[in-house]
Structures are given as structure tokens and as C-alpha cells.
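Me: I would like to go through some labels used for this protein model. Please set each value against its cut-off.

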Amino acid sequence: METEIPDVVPILASARHVFFPQTHLSLHIPRSFHDQMQQDLLSEERYLGLVLKQVSESGEIAFLPIGCVGKVVRYHELSCGRAVHIDLHGLKRFRQKKGYSADGYSQAWIETLDEYSGRILPEKKRYLIETLKRLGHPESTSEWAEEDDAIFLNQLCAAADLSPMDKYFLLESENLNQRCSRLADLFRIKMEAIRFD
């Protein structure tokens, strides 16, 4: 049974984390943010949307429109009393429609975006597997054989040593095959940069 994600969710903006469906993320959030989340709960389930925050050289802050909503599967208060540790399971990408912020706490009306399951086109998968081998990760190809393509690809995107903006480029892909091609291209650009460094 598919999880019913609320139309309005708390939104956390991060300059470092890009969250993908079907992945897990652990992070610390301010205690005040968590307390407000608890206060706004309409059910026992806790959901949190994560978006990427960009800060320009002039100090202007922008929140990129596409993020991922996750379900809080565990949480505990830290001994310092100022933060809460949460574990999130990624559910779906979303686009923010309208939001508001007050005192460091944000919520947004969201439109969830279709997630893709199934298989990646053989030539796209071959291209990425070849790139992974060239990067020295042959074990990834055997792990992939045991996983659903979407799950493995999203986990690979989340774990990749790429900049937050590169990961956002992957997150906003329109479909699974585009995400696969983009990831392979980013890896190859990274290899070229190392080669000519």
C-alpha cells in the first residue's frame, strides 16, 4: 500500500544535503524546529521535506524548488538539549507550490512528482556500469544485479562524491534513464578533471 503523503509538510532547507527517494538520511535538526513539527502533527506519522539552499556571494538565499519528502522512522533528543537526531526514509520527490516561514520553521504546500520504478534501458545501464568500473567500483555492478534499478540508482546518487548542485541536477531528472545518463556523465567529467589536474 502506497504511503499517503500530506499536501502540507514541514520543510528543512540544507546547503549540504540532497535527499533522494528510496534512500535513508540521518541528520540533526534544531530542537525548536522539531517541537514545532510535533505541534503541527495531524497524525502519528511524521513527514519532512528537504530542499537545497543556495547562498550567493552577496549573501542572498534561494531555496531550489524540487526536493524530496521523507518519513521520520526514528528520532531522539540529543543530550545538549538544542537538537534532535532524526532518521528519514525517502518517499517521493516534490515541487513546492507555496510556503511560509516564521521563526526558523517552514512549511510548504507540495505537489509530489511521479517516481520511476522498473528497469533502466540496457544501453544506459551499460554506460553507467562501464563508468563505475573505470572509477574502480566493480563491486557496484554485482550489487546492482540484486536491486531494483530505481532503488540502486537513487542510492548511488545519494552516496556519490559530488557537489550538492550536481546532486540536485540528478534529483530534478525527468525520468530514471535521464538520471542514469546524468550520473554517468558527472562521473566521467570528474574522471577527466582528475586526469588533467
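**Labels and cut-offs**

Reply: K190 has a relative accessible area of 29%, so the residue is called partly exposed; buried means under 20% relative accessible area, exposed over 50%, and partly exposed in between, with a 1.4 Å probe and protein chains only. This is a predicted model, where local features need pLDDT of at least 70, side-chain atom pairs count only at pLDDT 80 or more, and totals for chains, interfaces and linings use all residues. Residues are numbered from 1 along each chain as its sequence is written, and side-chain values use heavy atoms, with hydrogens and water left out.

Me: What makes K190 and D161 a salt bridge?

Reply: Their side chains meet at 3.8 Å, N to O. A salt bridge is a side-chain nitrogen of Lys or Arg within 4 Å of a carboxyl oxygen of Asp or Glu, so the label applies. The pair links distant parts of the chain, 29 residues apart: K190 is in helix α6 (residues 176-195) and D161 in the loop between α4 and α5 (164-171). Helices (H or I, at least four residues) and strands (E, at least two) are DSSP runs, numbered from the N terminus.

Me: Why is D161 called exposed?

Reply: Because D161 has 60% relative accessibility, and exposed means over 50%.

Me: How do you know that R74 and D87 form a salt bridge?

Reply: Their closest N and O atoms are 3.1 Å apart, which is within 4 Å. R74 lies in strand β5 (residues 66-77) and D87 in strand β6 (residues 83-102), so the pair ties together parts that are 13 residues apart in sequence.

Me: Which of the two, R74 or D87, is buried and which exposed?

Reply: R74 counts as exposed at 53%, whereas D87 counts as buried at 12%.

Me: Why is S14 called buried?

Reply: Its relative accessibility is 10%, and the limit is under 20%, so S14 counts as buried. S14 is found in strand β1 (residues 8-14). S14 touches L50, V51, L52 and K53, not counting residues up to four places away in sequence; contact means heavy atoms within 4.5 Å.

Me: What is known about K125 and D149?

Reply: They form a salt bridge, with the closest N and O atoms 3.0 Å apart. K125 lies in helix α2 (residues 122-134) and D149 in helix α4 (residues 149-159), so the pair ties together parts that are 24 residues apart in sequence. Both K125 and D149 are buried.

Me: How many salt bridges does the structure hold?

Reply: The structure holds eight.
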